[in-house]
Amino acid sequence: MSSSQAKQADGICDGVCDGIWHNARIAPAGNPGQVIADGALVVRDGLIAWIGSAVELPEEYGNADLPRHDAGNRWITPGLIDCHTHLVYGGNRADEFALRLAGASYEDIARSGGGIVSTVRATREADEDSLFLQASRRLEALLAEGVTTIEIKSGYGLDLPTERKMLKVARRLGEHFPVTVYTTFLGAHALPPEYQGRADDYITLVCDEMLPVLHAEGLVDAVDVFCENIGFSVAQSERVFVAAAKLGLPVKMHADQLSNIGGTELAARFNALSVDHLEHLSEADIVAMRESGTVAVLLPGAYYFIRETRLPPLELLRRHQIPVAISTDSNPGTSPTTSLLLMLNMSCTLFRMTAAEALMGVTSHAALALGKADRHGLLAAGRAADFVVWDVESLAELAYWSGLNPCRTIVRGGRLSAASKKGVSP
Ligand code: NIG
Ligand code: FE
């Protein structure tokens, strides 16, 4: 057997992954309740040309002399989507972790000038190349677990040059790595020290200068606000949303993480793509989300790391049929994690989600949270060939293991991702 045939038999393609992927169990929407038992998919020119049951493979493909990739009866899902990250920043906050372990709360630290603002200092000081390198190693870890789409927020600059620097680094990551990056402008993340006591003036800077300029430079796909007692008020958040709406940009919100000050109700009024965190979400908020089609993004890494005790109201979200997404919230203060699979596990153990809900939370529901369900989170003819081959017996294993990475092969845009394993296990 030639080495290229051996690779094909191993389910691994070389570079371009065009051809017929067969002998696979496929969950096209990341929903273990809707699977193709003996599935096949045809990849051509970076896209999925056909997907379905192997016995229905059209003759035009079956008879053609196409490369064949045997998935070894493994599971195939859409590439994973991490829909809420703060991946680009300078330094880390291990020192603050020590303070918290000694008894200080996240809010105490924020109020005494640490927290987000200390990362702002480090991010302002770092140059673009350094930020790129620091974020690269976090991104590489995420990609190795099958992430093919990621959202990256600004928000550790809090001035125009540094917010621009962060967003440029985010775009550059998307050019350099096999991943689609969506950027979110989070200028309203915290009050920069130079605006102490002048939050409204800072919001004016965000709305009248930073957002329009960064948008004109093509750096902004969506706009986020940290609406919280230690963040920005509902009135200030509304000003940011009005500015975003004027530019035709979709909005989302860090809401109801530490308290409920009415953020979600505002977000729903602006048809926000998502509201994220939500430990303090009320049923009235959920009713409003249902009306506006707003997705709930739960962030178990932050819940765990700040040792939150109040759970997001999962049962109410289910009852009102709100799509729930899961994400890492990868950031230096509340969720220094680079494992989306661990978030699946934690969403089950901590939030009592089912493994099926967790998987949809990082595929179809995460795509909805980004407002990109027409492009990601579903394997279908005409869509980008972004998928993962998993070395698992059942999809529940994706939420079951912690620390084991069962990701076998990652195809992104029809090409083998460098993050794929090198085919070591049988
Ligand atoms: O999503 N809540 C605000 N933003 C981040 C935390 C950022 C930080 O502490 O650096 C979050 O939890
Ligand atoms: Fe966040």
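Because the structure is a predicted model, local features were considered at pLDDT of at least 70 and side-chain atom pairs at pLDDT 80 or more, whereas totals for chains, interfaces and linings use all residues. Residues are numbered from 1 along each chain as its sequence is written, chains are lettered from A and ligands numbered from 1 in the order in which they are written, and side-chain values use heavy atoms, with hydrogens and water left out.

Eight strands form an open sheet with parallel pairing, in the order E5-E6-E7-E8-E9-E10-E11-E12. Here strands (E, at least two residues) and helices (H or I, at least four residues) are DSSP runs numbered from the N terminus, and two strands are said to pair if DSSP finds at least two bridges between them. Strand E5 (80-82) and strand E12 (324-326) are the edges of this sheet, each pairing on one side only. From one strand to the next the twist averages 25°, where axes are lines fitted to C-alpha atoms (for helices over the stretch in contact) and angles run from 0 to 180 degrees between N-to-C directions. Within the sheet, strand E10 (residues 274-277) and strand E11 (residues 295-298) run parallel and are joined by three bridges, with Asp276 standing opposite Val297 in E11.

Antiparallel pairing is found between strand E13 (residues 387-390) and E14, over four bridges, and Val388 has Ile410 in E14 as its bridge partner. E14 also pairs in the antiparallel sense with strand E15 (residues 415-416), over two bridges, and in this case Val411 stands opposite Leu416. The hairpin of E14 and E15 has two residues between the strands, and Gly413 takes a positive phi near 60° in it. Strand E14 (residues 407-412) is mostly covered, with five of its six residues buried; buried means under 20% relative accessible area, exposed means over 50%, and partly exposed lies in between (1.4 Å probe, protein chains only).

The largest nonpolar core holds 95 residues, of which Ile150, Leu173 and Trp390 touch the most other members. Such a core is a set of buried Ala, Val, Leu, Ile, Met, Phe, Trp, Tyr and Cys residues joined through side-chain atoms within 4.5 Å. Helix H8 (residues 199-216) supplies the largest share of this core, namely eight residues. Another core, of 16 residues, lies apart from it and includes Ile26, Ile36, Ala385 and Val411. When neighbours within four places in sequence are left aside, Ile150 is in contact (heavy atoms within 4.5 Å) with several residues, among them Asp82, Leu139, Val179 and Tyr182.

The iron ion (ligand 2) is coordinated by His84 (NE2), His86 (NE2), His254 (NE2) and Asp329 (OD), at 2.1 to 2.3 Å. Donors are N, O and S atoms within 2.8 Å of the metal (3.2 Å for Na, K and Ca), and water is not among the atoms, so sites may look incomplete. Along the chain, the donors of the iron ion (ligand 2) follow the spacing H-x1-H-x167-H-x74-D. His86 lies in the loop between E5 and helix H3 (94-101), whereas His254 lies in strand E9 (residues 251-255), so the pair ties together parts that are 168 residues apart in sequence. Both His86 and His254 are buried.

The structure holds zero disulfides, a disulfide being a pair of cysteine sulfur atoms within 2.5 Å. For Cys83, the nearest cysteine sulfur is that of Cys348, 16 Å away, and Cys83 counts as buried at 3% relative accessibility. The sulfur of Cys227 is 13 Å from the closest cysteine sulfur, in Cys207, which is too far for a bond; Cys227 likewise counts as buried, at 2% relative accessibility.

Most residues other than glycine have a negative phi. Leu278, however, has a positive phi of about 75°; this residue is found in the loop between E10 and helix H11 (283-292) and is buried, with a relative accessible area of 0%. Arg307 also has a positive phi, near 55°, and is found in the loop between helix H12 (300-305) and helix H13 (314-319), where Arg307 is exposed, with a relative accessible area of 65%.
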